Amino acid sequence: MPIEFAKYHGLGNDFILIDNRHSSEPVITPEQAVDLCDRHFGIGADGVIFALPGQNGTDYTMRIFNSDGSEPEMCGNGIRCLAKFIADLEGSEAKTQYRIHTLAGAISPELRSDGQVKVDMGVPRLLAAEIPTTLAAPDAKVIDVPIEVADKSWSVTCVSMGNPHCITFVEDVAAVALETVGPQFEHNKAFPQRTNTEFIQVVRSDYVKMRVWERGAGVTLACGTGACAAVVAGVLVGKCDRATAVELPGGVLEIEWAEVSGRIYMTGPAQRVFTGCISH
Ligand SMILES: N[C@@H](CCC[C@H](N)C(=O)O)C(=O)O
């Protein structure tokens, strides 16, 4: 059966979106997702995202396979793309706000009139057991903790946005050998479920530059959950304001960590690139 898809991106973090509303199981296997994400032999993407029927009173369910076929709990740029994809599918019936079930809980994207998508990303989790990481006792936070990776000592802060993030602050983000260091963080034994790693250069307390090595996808042009985690880490170590702009290779995300509710809000773009049909 041919499968229709649409390609979207959020700041260059690109995804193949599939209308899976008729079934609660993805119509593509993780192995097929690896082939579709291949940039030479496939469509090319950082992941495949499925719009499935809602669960627990939500409008829809989002599932995603990384380009290596693994399944992450959440994807920040992906959920902005999913919100636009759903609105495009629904046409005149489209809402401006959706509640989406994910493996990280219910997440609420809002389609704003200026074209940006603002997402209530929920409350970050900080305990070592929640990341998960062995860098501290299970019920302790991991803030500015040393770790040896690639023959170097790094000071890291760990944050879960549903998916695991390890954040380190550097002098010059352009100088980080991402392709070498990134995989060594991802597969370090301190992270039993592997990790995404964000390298952050503080330009001002309300503006940082970030490069990312993503679990299951490698170097990407942007990572929404990573940008949220980076601002949380920046606040925890006293380097960032609660409202901070994060400049990624693909563009800028506005992040706010609300003081009273503890919730994180991410605002950024999502764009359709093209549509197509997969026929095996
Ligand atoms: N790019 C995403 C994160 C996708 C999932 C990640 N690779 C993981 O395995 O946790 C984002 O924008 O958040």
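Reader: Which residues does cysteine 223 touch, not counting residues up to four places away in sequence?
Author: In this predicted model, cysteine 223 lies in the loop between strand E13 (218–220) and helix H4 (224–236). Its relative accessibility is 4%, so cysteine 223 counts as buried. Beyond residues up to four places away in sequence, cysteine 223 touches Asn13, Asn77, His165, Glu198, Met210, Val212, Glu214, Leu248 and Leu253.

Reader: Which residues does the UniProt annotation "active site" cover?
Author: The annotation comes from an unreviewed UniProt entry. The residues it covers span 149 residues in sequence, yet no two of their C-alpha atoms are more than 7.7 Å apart, so they gather at one spot.

Reader: Is cysteine 75 buried or exposed?
Author: Cysteine 75 is found in the loop between strand E4 (60–66) and helix H2 (76–90). Leaving aside neighbours within four places in sequence, cysteine 75 is in contact with Phe15, Met62, Ile64 and Thr225. Buried means under 20% relative accessible area. Because its relative accessibility is 10%, cysteine 75 counts as buried.

Reader: What is the volume of the largest cavity?
Author: The count comes to 1 cavity of 30 Å³ or more. Among the 18 residues that line the largest cavity, Asn66, Met74, Cys75, Asn163 and Glu214 are the closest to its centre. Strand E2 (13–19), E4, H2 and H4 are the elements that give two or more residues to this lining. The volume of the largest cavity is about 140 Å³.

Reader: What is the relative accessibility of asparagine 77?
Author: Asparagine 77 has its place in helix H2. Not counting residues up to four places away in sequence, asparagine 77 touches Gly10, Asn13, Phe15, Ala222, Cys223, Gly224 and Leu253. Asparagine 77 counts as buried, its relative accessibility being 0%.

Reader: Where is glutamate 214, and which residues does it touch, not counting residues up to four places away in sequence?
Author: The place of glutamate 214 is in strand E12 (residues 207–214). Glutamate 214 has a relative accessibility of 9% and therefore counts as buried. Not counting residues up to four places away in sequence, it touches Asn13, Glu186, Asn196, Thr220, Ala222 and Cys223.

Reader: How far apart in space are glycine 10 and histidine 101, C-alpha to C-alpha?
Author: Glycine 10 is found in strand E1 (residues 3–10), and it is buried, with a relative accessible area of 0%. Its contacts, leaving aside neighbours within four places in sequence, are Asn77, Arg80, Cys81, Ala222, Pro269 and Ala270. Glycine 10 and histidine 101 are 91 residues apart in sequence, and their C-alpha to C-alpha separation in space is 20 Å.

Reader: Which residues have the most contacts inside the largest nonpolar core?
Author: The largest nonpolar core has 53 residues. This core draws at least three residues from each of domain 1 (3–110 + 269–278) and domain 2 (128–262). A second, separate core of 21 residues includes Ala128, Val145, Cys158 and Phe185. Inside the largest core, the residues with the most contacts are Leu82, Met210 and Ile255.

Note on methods:
Residues numbered from 1 in each chain as written. Predicted model: local features only at pLDDT ≥ 70, side-chain atom pairs only at ≥ 80, totals over all residues. Heavy atoms only, no water. UniProt positions renumbered as here; feature names shortened; annotations may be inferred. Buried < 20%, exposed > 50% of the residue type's maximum accessible area, 1.4 Å probe, protein only. Contact = heavy atoms within 4.5 Å. Core = buried A, V, L, I, M, F, W, Y, C linked by side-chain atoms within 4.5 Å. Domains from an automatic or database assignment. 1 Å grid on protein atoms, 1.4 Å probe; cavity = no way out; pocket = protein on both sides within 12 Å on 5 of 7 lines; lining within 4 Å. Points joined across faces, edges and corners; volume = space filled by probe spheres on them.
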